[in-house]
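Hi there,

Have a look through it first, then read on when you have a moment.

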Amino acid sequence: KDTLIVWSEAENYDLALSFQEKAGCDEIWEKICQVQGKDPSVDITQDLVDESEEERFDDMSSPGLELPSCELSRLEEIAELVASSLPSPLRREKLALALENEGYIKKLLEIFHVCEDLENIEGLHHLYEIIKGIFLLNRTALFEVMFSEECIMDVIGCLEYDPSLSQSRKHREFLTKTAKFKEVIPISDPELKQKIHQTYRVQYIQDMVLPAPSVFEENMLSTLHSFIFFNKVEIVGMLQEDEKFLTDLFAQLTDEATDEEKRQELVNFLKEFCAFSQTLQPQNRDAFFKTLSNMGILPALEVILGMDDAQVRSAATDIFSYLVEYNPSMVREFVMQEAQQNDDDILLINLIIEHMICDTDPELGGAVLLMGLLRTLVDPENMLATANKTEKTEFLGFFYKHCMHVLTAPLLANTTEDKPSKDDFQTAQLLALILELLTFCVEHHTYHIKNYIINKDILRRVLVLMASKHAFLALCALRFKRKIIGLKDEFYNRYIMKSFLFEPVVKAFLNNGSRYNLMNSAIIEMFEFIRVEDIKSLTAHVIENYWKALEDVDYVQTFKGLKLRFEQQRERQDNPKLDSMRSILRNHRYRRDARTLEDEEEMWFNTDEDDMEDGEAVVPPSDKPKNDEDIMDPISKFMERKKLKESEEKEVLLKTNLSGRQSPSFKLSFSSGTKSNLTSQSSASNLPGSPGSPGSPGSPGSPGSVSKSTSQMAAITTKGGLVGLVDYPDDDEEDDEDEDKEETLPLSKKAKLESS
């Protein structure tokens, strides 16, 4: 099948080999067919099982599979029978029933003792194959016999004699002498104690004794996995129901008289207990954690995390992670209640933060885990809202008042000067983690983080890290600022401008030089965002303060585009009439008939460029016979009655210029002189219609030259400082094309209006 070779192993068990390319698949397929003596050109070569064979086998063995008598001399025959039965589901079923009915496993284990006493290695090897085959039968009834108290150690003994190993393993010796069962709290229930022993030994068989299952055998051990799973569920349930046991456990955990070794064993037990609970069904898990909460697990963790023993604190952190993942609201409710009684230093969340900051692991593995837990706790997405109260408001108010200063302490301590006071790898990793959480807060929290950043001047301190020698930390600082700018919040923008917080970014950009790396791209992207989103306050701030440093950057158009934005803003401020005039034109335009608008768009913008010659403009034929009364607004009609002829000449002139140009860009301003100038400039300097080129209106001798006039005229030009009605082509905003049409369409009408 193209890049697949598929085949079946036993009933309802399909396997496949997948190849990246068909050529490789065909090559392997030919080799397989060559070995099997099959034709590779045939799509299906596997022999299908004839139903009549199954029926004949069923008839032949209908009374049940007859097992050889369980004797030392017939072990080889028994091993062959077991091995031959495994591929066929029907034979496996018959074999399993025979083994159950005849008590065959106990007889085999008796022979095992005989073989060991006689040191009959060959017999022991056969027993290994037989017991391994019985495991692969995947039957719960057989497992219950094999894992019983009287049989399990003998089963493990049989599996010590692997024929593929030159020397037998000592699994029983390890389980009886090395592995010790510790009762941190005495267990009075004998059934519970037996279940714990059994589960440990079966887990040992699965992990250490049985060889790693092949791809064919992996699904044959599913019942073994289930056996262990349900044992763990039973153990958790029995312990949970034993109130005396749990009461003693938490009492000793929090008792100051408990010695360190004992407390470590208690914490390790509780950690394993919580790990077992992950196997429970959701409703049972709810009951489990509710029981632990009622017993006081969170106050106990608070006591444990305040201790000096690193191993105990590590285990307590793992327990805390189970609680946060299960129910973060329960943890939040506890820490808000304890804040009313305790100092900030011993609050549970502050202990977690301190544990994260003081992580001694060079790779900060524990700190990464704890940062993830803190992120879960401060995530508004999993906070509840009720009719009476909002968890988000209450908890975030608590967190920023009692905990945020602990989280940011390493950041503030390391950024008191112009560069980080400590810049080693471990410190940089820790600060990167803190910045990651602060960035998350900027994105998901509103006024809480805003007030904190502005009041504590956090962004200025963070940008000190732009000078770090570790690129990942400098990028974390930049990402933090980019997230703030992305909110387009004027409170943040005023704070950035007041403190001149673009300076560290510009310095880092210049220090990076001509290197084309992530730092370069990330900084340019931030300025590009400001340009594209037209954040006016930041645009003006950047150009007024940093243009000289950035004006030579020409490998991207970002900074020139920012300068253009700035000039457009300034021109609008200098000429406030422009905005009102543009709105008048737009209002009149929107009142026109839709069909008229479409006709004008076709006439002015949709001229086929292939019909043009260089330097020559084409006037659409539809331009001349237009009925002006159909397309003119009331003001334009009034002006037309006063001076119709002059208006028509200018309209033809403008349309001629527009129809012969690619991607025109315009700026509109009012000239203070008595002469009218009509000029236009394309984004490409030598395109037809550009200033000085043949056919350019306003150039000497051009067909469209306009005579002097005493009235004030509209001048269309691209000189610096004038307000643009159409963005330049490198303005990659989504509504580029629509804006071009919207802004340039009324120009001829404007010319008519002002020419009177």
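**The nonpolar cores**

The largest nonpolar core has 128 residues, and those touching the most other members are Ile349, Met356, Phe395, Phe398, Ile453, Phe502 and Phe527. Helix 22 (residues 425-444) is its biggest contributor, giving 12 residues. Both domain 2 (74-224) and domain 3 (488-575) supply residues to this core, so it lies between them. Please keep in mind that this is a predicted model.

Not counting residues up to four places away in sequence, Phe502 touches Lys481, Ile485, Ile496, Met526, Phe527, Ile530, Leu538, His541, Val542 and Tyr546. There is also another core, apart from the one above, made of 50 residues, including Ala79, Tyr104, Leu127 and Val209. As background, nonpolar side chains in soluble globular proteins tend to be buried together.

Most residues other than glycine have a negative phi. Two residues here go the other way:

- Lys488 has a positive phi, near 55°, and is not a glycine. Lys488 sits in the loop between helix 25 (471-486) and helix 26 (490-498). With a relative accessible area of 42%, Lys488 is partly exposed.
- Phe500, also not a glycine, has a positive phi of about 50°. You will find Phe500 in the loop between helix 26 and helix 27 (503-512). Its relative accessibility is 39%, which counts as partly exposed.

Happy browsing, and write back with any questions!

Best wishes

Conventions. Residues are numbered from 1 along each chain as its sequence is written. This is a predicted model: local features need pLDDT of at least 70, side-chain atom pairs count only at pLDDT 80 or more; totals for chains, interfaces and linings use all residues. Side-chain values use heavy atoms; hydrogens and water are left out. A nonpolar core is a set of buried Ala, Val, Leu, Ile, Met, Phe, Trp, Tyr and Cys residues joined through side-chain atoms within 4.5 Å. Buried means under 20% relative accessible area, exposed over 50%, partly exposed in between (1.4 Å probe, protein chains only). Helices (H or I, at least four residues) and strands (E, at least two) are DSSP runs, numbered from the N terminus. Domain bounds come from an automatic or database domain assignment. Contact means heavy atoms within 4.5 Å.
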